[in-house]
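Colleague: Thanks for sitting down with me. Could we go through this one together, question by question?

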Amino acid sequence: MSCLFCSIVSGDVPSNKVYEDELVYAFYDIDPQAPVHFLVIPKEHIPSAGAVTPENSAVVAHCFEVIAQVTRQLGLTDFRVVSNCGLQAGQSVPHLHFHVLAGRDMTWPPG
Ligand code: AMP
Ligand code: ZN
């Protein structure tokens with residue numbers, strides 16, 4: 001199975017890494033939508049937020065620990081975390097990822 005974000009985790013596709021541990025990888029978005037825009041992904045292939053189960057949910061909690069840690073290290077107190085699930089919601093890469101956006105005013109509701 002070919003998956004862009006699995007290829008980023010393996011290093012086959014280059015990325016601008018923000019953070020890595022045994023469970024999670026984080027890297028800057030190639031098409032940033034804010035002055036700071038990075039993605040936090042589980043190394044394990046989970047297709048979307050709709051595919052989280054009791055068996056794989058621990059890594060999701062870990063993603064949020066990483067988000068708190070990395071934003072703290074970057075000095076970000078205000079930021080938005082987004083996960084698009086499905087085509088209608090704007091998901092373009094079918095590997096669970098959390099967008100972390102910061103550095104500008106955010107509008108609500110999102111488009
Ligand atoms: P989504 O559209 O919510 O599935 O988010 C996928 C994100 O991945 C988009 O914001 C893209 O800009 C980003 N993206 C796609 N390819 C790459 C890449 N090679 N490196 C970094 N970010 C990427
Ligand atoms: Zn994948």
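**Ligand 1 and its surroundings**

Modeller: Gladly! An N or O atom in the side chain of His 99 lies 2.8 Å from an oxygen atom of ligand 1. Please keep in mind that this is a predicted model.

Colleague: How much of ligand 1 does the protein bury?

Modeller: Taken alone, ligand 1 exposes 500 Å². Of that area, the protein buries 84%.

Colleague: How many residues surround ligand 1?

Modeller: The closest are Asp 29, Asn 84, Ser 92, His 97 and His 99. Counting every residue that surrounds ligand 1, the number is 16.

Colleague: Is His 99 buried or exposed?

Modeller: His 99 lies in strand E5. Its relative accessibility is 13%, and the cut-off for buried is under 20%. His 99 therefore counts as buried.

Colleague: With which side chain does the side chain of His 99 make a polar contact?

Modeller: Beyond its neighbours within four places in sequence, His 99 is in contact with several residues, including Asp 29, Phe 38, Arg 80 and Asn 84. The polar contact between side chains is 2.9 Å, and the partner is His 37.

Colleague: And Asn 84, where does that residue lie?

Modeller: Asn 84 is partly exposed, with a relative accessible area of 22%. Leaving out residues up to four places away in sequence, Asn 84 touches Ala 89, Gly 90, Gln 91 and His 99. Its place is the loop between E4 and E5.

Colleague: Now the metal. Which residues are the protein donors of the zinc ion (ligand 2)?

Modeller: The donors lie 2.0 to 2.3 Å from the zinc ion. In sequence, the donor residues are spaced C-x2-C-x38-H-x49-H. They are Cys 3 (SG), Cys 6 (SG), His 45 (ND1) and His 95 (ND1).

Colleague: What is the geometry of the zinc site, going by the angles among its four donor atoms?

Modeller: Those angles run from 105 to 116°. Four donors count as tetrahedral if all angles lie between 85 and 135 degrees. The site is therefore tetrahedral.

Colleague: How far apart in sequence are the parts that Cys 6 and His 95 tie together?

Modeller: Cys 6 lies in helix H1 (residues 4–10), while His 95 is in the loop between strand E4 (80–82) and strand E5 (98–102). Cys 6 is partly exposed at 24% relative accessibility, whereas His 95 is buried at 0%. The parts that this pair ties together are 89 residues apart in sequence.

Colleague: Which backbone nitrogen does the side chain of Ser 48 reach?

Modeller: Ser 48 lies in the loop between strand E3 (36–42) and helix H2 (57–73). At 11% relative accessibility, Ser 48 counts as buried. Its side chain reaches, at 3.0 Å, the backbone nitrogen of Gly 50.

Colleague: One last pair: how far apart in space are Ala 26 and Phe 98, C-alpha to C-alpha?

Modeller: Ala 26 lies in strand E2 (residues 24–28) and is buried, with a relative accessible area of 0%. In sequence, Ala 26 and Phe 98 are 72 residues apart. In space, C-alpha to C-alpha, the distance is 9.2 Å.

Technical notes:
Residues numbered from 1 in each chain as written. Chains lettered and ligands numbered in written order. Predicted model: local features only at pLDDT ≥ 70, side-chain atom pairs only at ≥ 80, totals over all residues. Heavy atoms only, no water. Donors = N, O, S within 2.8 Å, 3.2 Å for Na, K, Ca; no water. Tetrahedral: all angles 85-135°; square planar, octahedral: opposite > 155°, others 65-115°. Helix = DSSP H or I, 4+ residues; strand = E, 2+ residues; numbered from the N terminus. Buried < 20%, exposed > 50% of the residue type's maximum accessible area, 1.4 Å probe, protein only. Near = heavy atom within 4 Å. Polar contact = N/O pair within 3.5 Å; in protein donor to acceptor, adjacent residues only side chain to side chain. Areas by Shrake-Rupley, 256 points an atom, 1.4 Å probe, with all protein chains shown as cover. Contact = heavy atoms within 4.5 Å.
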